[in-house]
Amino acid sequence: MTATTRVNGDLNNTEVLRKPIEIPPDHAYTGKTLAIPEAEDDSTTRARYRPFLQSKDVARNDWISKLGLSTAVKMAEADMRDGGERLKVLVLYGSLRQRSYSRLLAYESARILFRLGCDVRIYDPTALPVKDDVQHNDAKVQELRSLSRWSDGHVWVSPEQHGNLTAVFKNQIDWIPLSTGSVRPTQGRTLAIAQVSGGSQSFNTVNSLRMLGRWMRMFTIPNQSSVPKAYTQFTEERDPGDDHAYLEAEGGSRLMPSGNRDRLVDCMEEFVKYTIVMRQHFDLFNDRYSERSEREAKRAREEVAAETKEKAGQEGNAKGLGGKEVVNGVDVNGI
């Protein structure tokens, strides 16, 4: 037996692993935020699509402001400095309950993304009609489709109910068309997924969300978040009128410290990194052999049809000239 022989072999195949490179945090970016200042933000957009925003006093000192996100912050800062727009992110959640934990988790996700410089907009599914074939012009339907077209990426957060995602969430996806003429509203966009559960740990819903994302031709990031017993994971609501208690509780209804919260941060950080990298190659990922072949075949058919029509017209004119003595009042006999 040689010195390199192993009795049980390399069961985990660790010999093929690449050596990980550790990226040290840049402390110059500690606490730095790229959030859109209120003075520079559109007031209508802010009021309608950013219900997750806290008061300045809360946002300046809450747990999100203390996160070490220097790599993602530097990437986003460089992307915007090089002429790129802020990442446009649409966030969807799947519950209409007054205290909806999927909405609360969506808010926390949005706050992380907002600090990382994203233009985040949360869609409220209230009053969205059940998917049918006649209500395409409904205002809530058009709003959802417009936001989807506008976005560079999505964040989907659904509760788990009866072992899968809710009807409220699926209804939103059903209203987003897979294609509109030659335009695919979601193709090439990035997607981050998360779920909340009333019971123990489960991954049924994120698995279904991942399947939906693939079907919508989106790039779903590898990481995902699943929060079990969600009713135990958030702080109580607080009255904004009680300044001390409100500030002490970071505004209330906040995700408490845990591995679940850390995983959510991981997902949002990873989502921003992937979206920055992929957005600049959006057109490249939309270029497909099958569609190029189809376009070329269609172009060839149109050219043949045009040539056939032109030839038929020329032959018709020749026959007309040969069989008539007067054409448009001109004596053509003998021409």
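**Notebook: pockets, a core and a buried strand**

I began with the lining of the largest pocket, and I found that helix H2 (56-61) and helix H4 (residues 101-115) each supply at least two residues to that lining. My helices (H or I, at least four residues) and strands (E, at least two) are DSSP runs, numbered from the N terminus. This is a predicted model, where local features need pLDDT of at least 70, side-chain atom pairs count only at pLDDT 80 or more, and totals for chains, interfaces and linings use all residues. Residues are numbered from 1 along each chain as its sequence is written, and side-chain values use heavy atoms, with hydrogens and water left out.

**Entry 1: the pocket**

I looked up the rule: on a 1 Å grid over the protein atoms alone, a pocket is an open set of points with protein on both sides within 12 Å along at least five of seven lines, a cavity is a set where a 1.4 Å probe fits but cannot get out, and lining residues have an atom within 4 Å of a point. Points are joined across faces, edges and corners, and a volume is the space filled by probe spheres set on them. The largest pocket holds about 560 Å³ of space. Its lining has 19 residues, and Thr-33, Ala-35, Ala-59, Arg-60 and Phe-114 lie nearest the centre. I sorted the lining into 8 nonpolar, 4 polar and 7 charged residues. Here Ala, Val, Leu, Ile, Met, Phe, Trp, Tyr, Cys and Pro count as nonpolar, Asp, Glu, Lys and Arg as charged, and the others, Gly among them, as polar.

**Entry 2: the cavity**

How many cavities of 30 Å³ or more are there? I found 1 by this rule, and the largest cavity has a volume of about 60 Å³. Among the residues that line it are Ala-76, Met-80, Arg-86, Cys-118 and Ile-276. H3 gives the most to this lining, with 3 residues.

**Entry 3: strand S1**

Is strand S1 (residues 88-93) buried or exposed? I noted that 6 of its 6 residues are buried, so the strand is largely enclosed by the rest of the structure. Buried means under 20% relative accessible area, exposed over 50%, and partly exposed in between (1.4 Å probe, protein chains only). Lys-88, Leu-90 and Leu-92 point one way from S1, while Val-89, Val-91 and Tyr-93 point the other way.

Two strands pair if DSSP finds at least two bridges between them. S1 runs parallel to strand S2 (residues 119-122), with 4 bridges, and Val-91 stands opposite Ile-122. S1 also runs parallel to strand S3 (residues 153-161), with 5 bridges, and Tyr-93 has Val-157 as its bridge partner there.

**Entry 4: the core**

A nonpolar core is a set of buried Ala, Val, Leu, Ile, Met, Phe, Trp, Tyr and Cys residues joined through side-chain atoms within 4.5 Å. The largest one has 45 residues, and Leu-105, Ile-112, Leu-113 and Val-155 touch the most other members. H4 gives the most to this core, with 9 residues. In soluble globular proteins, nonpolar side chains tend to be buried together.

Most residues other than glycine have a negative phi. Ala-127 has a positive phi of about 75°, and it is exposed at 59% relative accessibility. For His-162, phi is near 55°, and this residue is exposed too, with a relative accessible area of 82%. His-162 sits in the loop between S3 and strand S4 (164-165).

Terms used. A crossover is right-handed if, with the strands pointing away from the viewer, the path from the first strand over the helix to the second runs clockwise.
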